[in-house]
Amino acid sequence: GINAEYGVLIGSALTVMDIDSTSSAASNQNDARESDILEIMPLGAGNEVGRSCILMRFKGKTIMFDCGIHPAFAGLGGLPFFDELEDTAGVDLLLVSHFHLDHAAALPYFLEKTPFKGRVFMTHPTKAIYKMILSDYVKVSNIAIDDLLYDEQDLDKSMEKLEQINYHQELEDKGVKFWCYNAGHVLGAAMFMVEIAGVKILYTGDFSRQEDRHLMAAELPIARPDILIVESTYGVQVHEPREQRETRFTSIVHEVVRRGGRCLIPVFALGRAQELLLILDEYWKAHPELHGIPILYASTLAKKCMTVYQTYINMMNERIRSQFSICNPFIFQHISNLKSMEYFQDNGPSVVMASPGMLQSGLSRELFELWCEDKKNGVILPGYCVEGTLAKHIMSEPSEITTLAGLTIPRRIAVHYISFSAHSDYKQTSEFIDILRPPHVILVHGDANEMGRLKQALIQKYEEKDTKIHTPKNCQKVELHFSGDKIAKVIGTAAVEGVRDGRKVSGILVKKDFNYHIMSSSDLHHYTQLSISSVNQRQIMPFQQTYLLLKDSLEQLFDSVTELSSSDSSSTSTSSTSSESSFDTSERSPDFASESSSSSSTSSDSSSSSQPKEKCISLEIQKCIKVSYYGKSRHVVLEWTSTPINDMLVDSILCLLLQIESNPAFMKILPLNNNCLLYTSPSPRDRTRSRMP
């Protein structure tokens, strides 16, 4: 049953009603589509930084957030733990937050090497940069061809499966609603809000609430999420103010080149590189004494990357847009592109920005190995360094390092760390949580130690509030219970009169995905792709008794018995439908079946002789069943529209008629009061005189 608690009328024909429905069937409790358990499991980025891949299951839907690789591992070892997926084909949606390798580089493998058949969404800039970044990744990967996760052909095929989404554009797929906000981390970075059966989940990916020289700060979602999945990269650390770190950065660069050294800045091709280029170009303009020292942007994607940034200039902050109206800020005066080492003339002090940022391979690794033995040189690490990479290793200033060729060489180069990383720090994260006030916070994308410290800090801060903090490891599930209220909207003609306390609402309850509507059957084809069909049935049976006995018997059994006006009915048409009746006479009695059969044949014979029409007297039972009595041909016809209730009523009428027919002499009507009659067996004396005419 359904217990309804009525709400208020919305508009002229829309009413909201709160429905509390329960199911007693054990099979329904085990049905994932009806389960109230929301499950979140990191396949990567659980107590680690790298291979971000978060799996969420709820109401039979499976959503995957991001699909990256771990920069510290090669080949299959760098993939998320896809083997924990029971069925990759069961993933409905894959939402990619941004183009960085640790968030998107496993995507071609997952799309082309697994049975995944779902849909993939990312923003326009992310898709534009995605192929360039991953194509470069395939080329510079320092592993054997047999160990490559995918090739250029796989990458090209994956591009065809990527769909684009704009900020604030709400989409729906199989009942799952989702939209995204600007995350501020890199160009095109997005935070995804997903809504399933009224439960909202916000996945931040990498985000920054601080505006920098070219990107806007991450937006604040209007809707309050029930679950916040947030990065914890910097734990309880707080970034130094932007002006201070820019000053420290330019001072170190100036000092290195002043003493005749080479300054290496390992960066990813897109992201922090553009921020640092803007800073250096502005600093060089303000210091003429540095104009003779080259700044080189060493990336095979340099020219293409700048084209993308110029294309999406309107997605950047007001400062950049204002400059662009005068001149393009990404056309630098003091910065040149360096395609490869073949074009590099290393004959004096210089500043080189080279990718990749973790010094694992590529141009940045070549230059580091070339310059690391000279103490005049310097390397500035401008962002977060993942555990297990060379960048993380040299932060401890070891005396020696191992080259890609396996040789051990001394390290004399000066190492500096200045975080320009556009990741949220403790201050930004805690303020973000304060504003959104989610009941559940799930920390991902953080080193186990940093994540642990952040968890303790948040627990202490929210100990008096109803906010739970979770820190799952890879492949560890977090299960949360969301019962939720089911809301049904009364629409169409069923809502014309509105819904008031005490007034019954009748109609058809239609469920599509996670939405419920109550509507009249006549409106079904307007609001759905369904239609209503009715089955009209007619049952004929011999009846040798009088009309008076028939009527009195029915009036005793039913509250509503109405005599209709006499009508003409062709016995031919009546008998012709008897063979179409759905009433199974064989289950009642053999005698009845034979009589019904003979009646049909007799009527057919009479139709061939063209007998005149016979009048009948009709009764309407419970305003839904018509009983027609044919006195001359001695039979009764029942007509009704088939429903479970109507069919049950007809069964009771047929049982009554069969009882009267089988023992008419033993039926006697005794008045008890004004409202009821009683059938009883007559006395022996009455029995001898009982003759039913």
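Modeller: Let's start with a definition: helices (H or I, at least four residues) and strands (E, at least two) are DSSP runs, numbered from the N terminus. This is a predicted model, in which local features need pLDDT of at least 70 and side-chain atom pairs count only at pLDDT 80 or more, while totals for chains, interfaces and linings use all residues. Residues are numbered from 1 along each chain as its sequence is written, and side-chain values use heavy atoms, without hydrogens or water.

Colleague: Thanks! How many helices and strands are there in the protein?

Modeller: The protein has 693 residues, and buried ones (under 20% relative accessible area; exposed is over 50%, partly exposed in between, with a 1.4 Å probe and protein chains only) make up 50% of them. As for the elements you asked about, the totals are 19 helices and 35 strands.

Colleague: Among contacts between residues at least 6 apart in sequence, what percentage join residues at least 24 apart?

Modeller: A contact means heavy atoms within 4.5 Å. Taking the contacts between residues at least 6 apart in sequence, the share that joins residues at least 24 apart is 71%.

Colleague: Let's zoom in on one serine. Is Ser-430 buried or exposed?

Modeller: Ser-430 sits in helix H12, residues 426-436. Leaving out residues up to four places away in sequence, Ser-430 touches Lys-461 and Tyr-462. Because its relative accessibility is 4%, Ser-430 counts as buried.

Colleague: And Lys-465: is it buried or exposed?

Modeller: Lys-465 belongs to the loop between helix H13 (448-461) and strand E23 (468-470). Its C-alpha atom is 9.2 Å from that of Arg-437, although 28 residues separate the two along the chain. With 52% relative accessibility, Lys-465 is therefore classed as exposed.

Colleague: What is the relative accessible area of Ala-128?

Modeller: Ala-128 lies in helix H4. The C-alpha atoms of Ala-128 and Phe-99, 29 residues apart along the chain, have 9.2 Å between them. Ala-128 is partly exposed, because its relative accessible area is 31%.

Colleague: Now for strand E11. How many of its seven residues are buried?

Modeller: Ala-190, Phe-192, Val-194 and Ile-196 point one way from E11, while Met-191, Met-193 and Glu-195 point the other way. In a regular strand the side chains alternate between the two faces of the sheet. E11 (residues 190-196) is largely enclosed by the rest of the structure, because the number of its residues that are buried is seven of seven.

Colleague: Over how many bridges do E11 and strand E12 pair?

Modeller: Two strands pair if DSSP finds at least two bridges between them. Strand E10 (residues 176-182) pairs with E11 in the antiparallel sense over six bridges, with Tyr-181 bridged to Met-191 of E11. On to E12 (residues 199-203): its pairing with E11 is also antiparallel, and the number of bridges is five.

Colleague: Which residue in the turn of the E11 and E12 hairpin has a positive phi?

Modeller: Glu-195 has Lys-200 of E12 as its bridge partner. Two residues lie between the strands of this hairpin, and the one in the turn with a positive phi, about 50 degrees, is Ala-197.
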